[in-house]
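Dear colleague,

I am handing over the structure that follows, and below it you will find what came out of a first careful reading. Please look at the chains before going through the notes.

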Amino acid sequence: MRVVRDLEWQGPVPAGEGEYGEFFAAAAEGRLLIQQCPECGHRQHYPRAICTACGAEPEWMEAAGTGTVYTYTVVRQYGVPAFAELPYVLAMIDLPEGVRMFGGLTGIDPDDVEIGMPVTAYARTYDDTHALVFWEPA
Amino acid sequence: MPSRDPVICGIGLSDYPVVPHLNSVQHHALAARRAIADCGITKSAIDGYVSTSGGGPGAGDDAVSMAEYLGVNHRYIDGTMVGGSSFEFHVQHAAAAIREGLCDTVLVTYGSDQLTRMGRVLGTGGFQRDAQPVAGAMQMATPYGLPLVGAYALAARRHMHEFGTTSEQLAEIAVGIREFAGLNPDARYRDPITVDDVVNSRMIADPLHKLDCCVITDGGGALVMTTEEIARDLCQPPIYVLGAAGTQTHWNIHQMPDFTEMGAAVCGPEAFAQAGVTPSDIDTAQLYDSFTITVMLMLEGLGFCGRGEGGAYVEEGHLRRGGSMPTNTDGGGLSSNHPGMRGIFLLIEAVRQLRGDAGEAQVPNAELALACGSGGWLSAIATVILGKDRPT
């Protein structure tokens with residue numbers, strides 16, 4: 001996964017406690033992590049200390065960083081100063097590994113976004129060692 | 001035979017929609033006073049208390065604080081907080097407690113000074129304005145700039161994609177509810193609107209326009225629930241809790257398993273089965289209308305129409321005054337009032353309809369009413385079925 005080093009990040013940042021921190025740290029290294037259960041094989045995202053299917057302890061696995069748009073919205077009004085640059089696209093992405101992931105979708109005119117379109121993940125750092133995962137057209 | 005069948009015997013609304021002189025605690029109290037006066041119960045007979053904070057952190061209106069403030073020395077307390085549908089869950093819990101004999105008479109209260117205290121920040125004004133790091137699962141969404149409206153827009157867009165639902169069909173929901181708001185002198189907005197007005201209103205988060213979104217107000221409400229036996233000595237006819245069921249499919253919107261099916265599809269059939277009735281038996285529905293899409297997903301989940309058929313169903317005018325399923329007869333959250341968690345108003349309006357006290361908005365011969373609340377982001381859903389006659 002491509003990593004864009006953005007040390008000017010103005011938006012709210014993740015607290016990164018527990019497994020969350022491992023996810024955002026891996027993203028800063030270009031790895032998109034999801035979880036898989038060694039007991040039942042269930043895959044999940046966001047990361048947790050338990051398998052939501054069987055209750056065992058999940059393990060990390062690296063996803064390919066590809067997906068398709070499941071649904072999206074174009075935000076045209078939001079009073080948070082960090083998001084003053086409107087409009088922008090937010091989307092739910094279906095990953096081929098079987099989980100769904102939320103994130104920003106960039107590099108496309110909001111009017112051109114379509115459900116089902118293929119997208120690729122990239123990471124955007126919000127501090128020296130952590131990054132958020134964004135998506136762009138494949 | 002004296003019956004412990006749970007009933008709603010008293011209802012009270014605090015003032016709304018814009019009430020700068022009341023704080024959240026005072027909204028709880030005003031609504032409680034009116035609900036107690038409504039049914040004429042002796043206050044000291046209240047031995048159960050159910051509530052959740054409408055004012056949020058720092059408001060001092062959490063359940064234990066409010067029990068003290070209101071002077072309720074309870075034998076049964078429940079502070080379940082699942083967002084806007086909390087009060088449908090509260091009725092489920094209180095009905096079980098009354099039936100089981102854990103207590104006899106439960107006061108349920110809600111109060112919120114949201115508009116006065118926070119303005120419109122909850123919608124698009126900047127809920128996460130401060131730069132505090134975001135903990136928990138919300139950190140997977142909030143850093144990307146997800147407003148509340150945007151979360152529901154994700155569901156609306158998917159519904160349009162899967163079923164061909166149109167903005168005009170969603171707009172019809174807002175138009176019908178505004179028509180009822182015109183009959184409610186206290187409603188926030190009362191002037192009639194058209195489908196064109198809705199689809200031409202400002203786009204907030206595609207595909208939801210300004211008029212697809214609920215209003216933001218102050219307000220509060222209260223219920224008194226008791227046994228059928230005790231209610232016989234009170235001054236209002238008892239309204240029976242015939243069914244009450246809830247479910248949670250997720251909390252954060254990004255965890256919704258299927259963006260076009262909400263938990264109403266689970267708790268709706270369960271509540272209908274408890275009541276021994278079907279959707280076509282219901283005379284009026286009070287559905288949580290945070291956004292037009294919330295109502296459409298609820299109609300489908302509850303079985304008023306088939307999955308994906310919500311657009312065609314609302315276009316046929318069923319939700320309108322005089323339609324087969326008059327919906328949100330007080331003007332709903334889309335036009336009347338929405339202080340943040342609207343679930344209690346669904347129940348109060350359902351009771352007014354079943355008492356025949358709904359004035360110009362009265363549904364003729366209403367005998368069965370349904371209230372369905374949605375809490376979180378289409379997450380925690382509960383359905384309550386109320387009747388004017390005792391269960392058979």
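**Helix 1 of chain A**

In helix 1 (residues 19-28) of chain A, the buried residues are Tyr20(A), Phe23(A), Phe24(A), Ala26(A), Ala27(A) and Ala28(A). A residue counts as buried if 20 or more other C-beta atoms lie within 10 Å of its own, as exposed if 12 or fewer do, and as partly exposed in between, with C-beta atoms placed from the backbone. Helices (H or I, at least four residues) and strands (E, at least two) are DSSP runs, numbered from the N terminus. The cover over the buried residues of this helix includes strand 1 (2-4), strand 2 (33-36), strand 8 (118-125) and strand 9 (131-137) of chain A. After helix 1 of chain A comes Gly30(A), which has a positive phi near 90 degrees.

Before going on, please note that this is a predicted model, in which local features need pLDDT of at least 70 and side-chain atom pairs count only at pLDDT 80 or more, while totals for chains, interfaces and linings use all residues. Residues are numbered from 1 along each chain as its sequence is written, and chains are lettered from A and ligands numbered from 1 in the order in which they are written.

**Strands of chain A**

Chain A holds an open sheet of three strands in the order 3-2-4, with antiparallel pairing, where two strands are said to pair if DSSP finds at least two bridges between them. Strand 3 (43-44) and strand 4 (59-62) of chain A are the edge strands, each pairing on one side only. Strand 2 and strand 4 of chain A are joined in the antiparallel sense over four bridges, and Gln35(A) stands opposite Trp60(A) in strand 4 of chain A.

Strand 7 (residues 100-105) of chain A has five of its six residues buried, so it is largely enclosed by the rest of the structure. Strand 6 (residues 88-94) of chain A pairs with strand 7 of chain A in the antiparallel sense over six bridges, and Val89(A) has Leu105(A) as its bridge partner in strand 7 of chain A. The hairpin of these two strands has five residues between them, and in this hairpin Gly98(A) takes a positive phi near 105 degrees.

**The sheet of chain B**

In chain B there is an open sheet of nine strands, with mixed pairing and the order 3-2-4-7-1-8-11-10-9. Strand 3 (76-78) and strand 9 (284-287) of chain B stand at its edges with a single partner strand each, so one side of each is left without a neighbour in the sheet. Strand 9 of chain B pairs with strand 10 (residues 368-375) of chain B in the parallel sense over four bridges, and Ala285(B) stands opposite Leu370(B) in strand 10 of chain B. Helix 11 (residues 292-302) of chain B packs on the sheet, touching strand 9, strand 10 and strand 11 (380-387) of chain B. Its direction makes about 125 degrees with that of strand 10 of chain B; axes are lines fitted to C-alpha atoms, for helices over the stretch in contact, and angles run from 0 to 180 degrees between N-to-C directions.

**Domains, core and chain contact**

The domain assignment, which is automatic or from a database, gives chain B domain 1 (6-119 + 218-243) and domain 2 (141-214 + 244-387). The contact between them takes 32 residues from domain 1 and 38 residues from domain 2 of chain B, two residues being in contact if their C-beta atoms, placed from the backbone, lie within 7 Å.

The largest nonpolar core has 176 residues, and those with the most contacts inside it are Val106(B), Met225(B), Leu347(B) and Leu386(B). Such a core is a set of buried Ala, Val, Leu, Ile, Met, Phe, Trp, Tyr and Cys residues joined through C-beta atoms within 7 Å. Helix 6 (residues 148-163) of chain B gives the most to this core, with nine residues. Both domains of chain B give residues to this core, so it lies between them.

Where the two chains meet, the contact takes 32 residues from chain B and 28 residues from chain A. Helix 6 of chain B provides the largest share of the side of chain B that touches chain A, six residues.

With best wishes
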